[in-house]
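Subject: Model handed over, with notes

Dear colleague,

Please find below the model we discussed, followed by notes on what came out of it. I have kept the wording careful, so that you can check each point against the coordinates yourself.

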Amino acid sequence: FVVSVNKPIAPIQPTMWGVFFEDINFGADGGIYAELVKNRSFEFTKPLMGWKVDQQPVEEGSVLIQNRGVAHTANPRFARVTVNNRKRGSLSITNEGFRGMGIKKGLRYDFSTLYRSVSGKVKLYVELLNANKEVIGTTELRPSETKTWLKLKADFTSSATEEKGSMRLVFEGNGIIDLDMISLFPGDTWKNRPGGMRADMVQMLADMKPGFIRFPGGCIVEGYDLAQRYQWKKTVGPLEERQLIINRWNTEFAHRPAPDYFQTFGLGFFEYFQLCADIGAEPLPILNCGMACQFNSGEVVPLDQIQPYIDDALDLIEFANGAITTKWGKLRAQMGHPEPFHLKMLGVGNENWGPQYLERFKVFQKALKEKHPEIKLIASSGTDPVGERFNLLNTELRALDTDFIDEHYYRPPQFFFSNINRYDNYPRNGSKVFAGEYASHVPNTNGAVKSNWLAALSEAAFLTGLERNAEVVQMASYAPLFAHYDGWQWAPDLIWMNNLKIVGSPSYHVQKLYSVNKGTTVIPIQRDNKIIDGKDSLYATAAIDAESKEIIVKIVNAQPHEQKICLNFEGIKKLGGTAVHTVLQNDNLDKINTIAEPDAVAPKTKNIKVSGKKQPIAVKGYSFNVIRIKYS
Ligand code: AHR
């Protein structure tokens, strides 16, 4: 293979490899948002969903849900607890968590609730329970008398580890107390932020060094109808004023519906921006364009009523970047981030198409470019990467000089192996490509949890084609990102978790290897003056990292047996002594990573000696190889 170091093809954008975040598969609620209490404010369709009331005998008291209606539209319900106790333990409510609560031995837990006293005196015991309902942590609270809502807090330590824990509140005394926003967080959240995110999940993202985070989805942006679309303004400000909605993946439209799946927006737009800032990723919000999910409802907002949608986009730019003297910039500052979030890109719609989309996109484009020419706009091009509809839409979006076109493909491995050249003939000028959602779906797995090595290997091969075409493809993200083993609706997924542990799929390692070995400039790697795009089942791409003075070669061997390759480097004085060869490999294409065997397919690294200008490399059967070599 001839690697021409002195013939740069195109810069690789810092945004090249990113992540796609959606609250699907319990990605946010029940996932990265570390709240352990499900339905903390009794706003799910069934107000006591997730809660169990224990009351023996019945005269000991009652738990009733009250509804303030329009007096408090964002969070109308609360629990009114009447206690006529003779002894502790006769009236309690237990929250089951999101498929249980993950509890860790020796860890601090932060309990809080809003409350007001109606009459008499009531004492509360907070108890963490293991799967056998034994107490593994407890604290006691004596609320002071108050007629206005106050926050009551306590922390305590767990004495045991439990994957399927729950939390019981036991009431004692004689009186009436109102409770709302009943909450429990682990003490080990990301950056130890109270009410924050699950640190192990954020760490998996940080380890990928993503160039951007696309949020908040996916189909949840669209909603299954417009009333249930994602509205960012309802996700910022005080938690108890963030109005929850049913999650689009709750419904019959999901592959595996979860009737208890709601979006509480504890993880809202402020937190997404903060996450991006924390891990050095560019924020890439996607907003509803006035169209609900076309697969489900086809509902659109009439063009003469689209202004509120445009205003949402303009106000979002102000929220992210505006001075703290502006309305939305001030809210950002009040929430704890006076500095701007440096928003540079915004997506208009997700998987929308047809003349209705073009009409609406044009209105957005005009309004946004007039006021914010500095913001790059991403247009959606649907989910059909080979059909006529796709080509037509792409052509029309190009004619509008759209900054980015967001292409999605969920296809079998063969699609990925055979579409390496997909972008070779895309125009180099004009609109750039955002490969915003893709994943290789192995057929005949009946929706089983298959993020297997075959899928990942085919993605690794396909991504050589994206990197080679970095001039055109400037952003790419696998989807979906997270999935809870006991709460998923869609598979395969990049990262799997239960309530305590987390597993990167083979595809995760492919994404991470591309991202952390991104380089700054694409250079040619060729055999017989041709790109290496599948002949002998070999796929390759090469780049240099101008800062570290390294050549980065990526090679996929999709054959079962080892192949020997000689890398001939042109345009250098010499190779620099040692190189690092990272290999992701498994002989079994059906292999998956699991909680029991998380590293079945995981990268292994070795140092190799290099000198002169030639380097022999053996690439194992079914392997993805990244070779980093210093040069001068
Ligand atoms: O990634 C899962 C879903 O696939 C996304 O929500 C949607 O955009 C696509 O259809």
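The secondary structure of the protein chain comes to ten helices and 34 strands, where helices (H or I, at least four residues) and strands (E, at least two) are DSSP runs numbered from the N terminus. Please bear in mind that this is a predicted model, in which local features need pLDDT of at least 70 and side-chain atom pairs count only at pLDDT 80 or more, while totals for chains, interfaces and linings use all residues. Residues are numbered from 1 along each chain as its sequence is written.

On overall dimensions, the radius of gyration of the protein chain is 27 Å, which agrees with the value near 26 Å that a compact globule of 632 residues would have; the radius is taken over C-alpha atoms, and the globule rule is 2.2 Å times the number of residues to the power 0.38. Along the principal axes, the C-alpha atoms fill a box of roughly 90 × 55 × 45 Å. Of the 632 residues, 49% count as buried, a residue being buried if 20 or more other C-beta atoms lie within 10 Å of its own, exposed if 12 or fewer, and partly exposed in between, with C-beta atoms placed from the backbone. Among the contacts with a separation of 6 or more, 77% are accounted for by residues 24 or more positions apart, two residues being in contact if their C-beta atoms, placed from the backbone, lie within 7 Å.

The ligand comes next. Twelve residues surround the ligand, and the closest are G218, C219, E351, A479 and P480; a residue counts as near if its C-beta atom, placed from the backbone, lies within 6 Å of the molecule. This shell divides into five nonpolar, four polar and three charged residues, where Ala, Val, Leu, Ile, Met, Phe, Trp, Tyr, Cys and Pro count as nonpolar, Asp, Glu, Lys and Arg as charged, and the others, Gly among them, as polar.

A479 is placed in the loop between strand 21 (473-478) and strand 22 (482-484), and A479 is buried because 22 other C-beta atoms lie within 10 Å. Leaving aside residues up to four places away in sequence, A479 touches F20, E437, Y438 and A439.

Another cis peptide bond joins A491 and P492, with omega about 5°, and P492 is found in the loop between strand 22 and strand 23 (495-497).

Two helices are mostly covered. In helix 3 (residues 269-279), eight of the eleven residues are buried, so this helix is largely enclosed by the rest of the structure; what covers its buried residues includes helix 1 (199-208), strand 13, strand 16 (282-287), helix 4 and helix 5. Just after helix 3, G280 takes a positive phi of about 70°. Helix 10 (residues 506-516) has nine of its eleven residues buried, among them Y508, H509 and K512.

Helix 4 (residues 307-321) and helix 6 (residues 354-371) pack at an angle of about 35°, with their axes 10 Å apart; axes are lines fitted to C-alpha atoms, for helices over the stretch in contact, and angles run from 0 to 180 degrees between N-to-C directions. The contact is made by I310, A313 and L314 of helix 4 and by V363, F364, A367, L368 and K371 of helix 6, and by class it has seven nonpolar, no polar and one charged residues.

Finally, two backbone angles may be worth checking. R99 has a positive phi of about 55° although it is not a glycine, and R99 counts as partly exposed because it has 19 C-beta neighbours inside 10 Å. H342 also has a positive phi of about 55° without being a glycine; this residue lies in the loop between helix 5 (327-334) and strand 17 (345-348), and H342 counts as exposed, with 12 C-beta neighbours inside 10 Å.

With best regards
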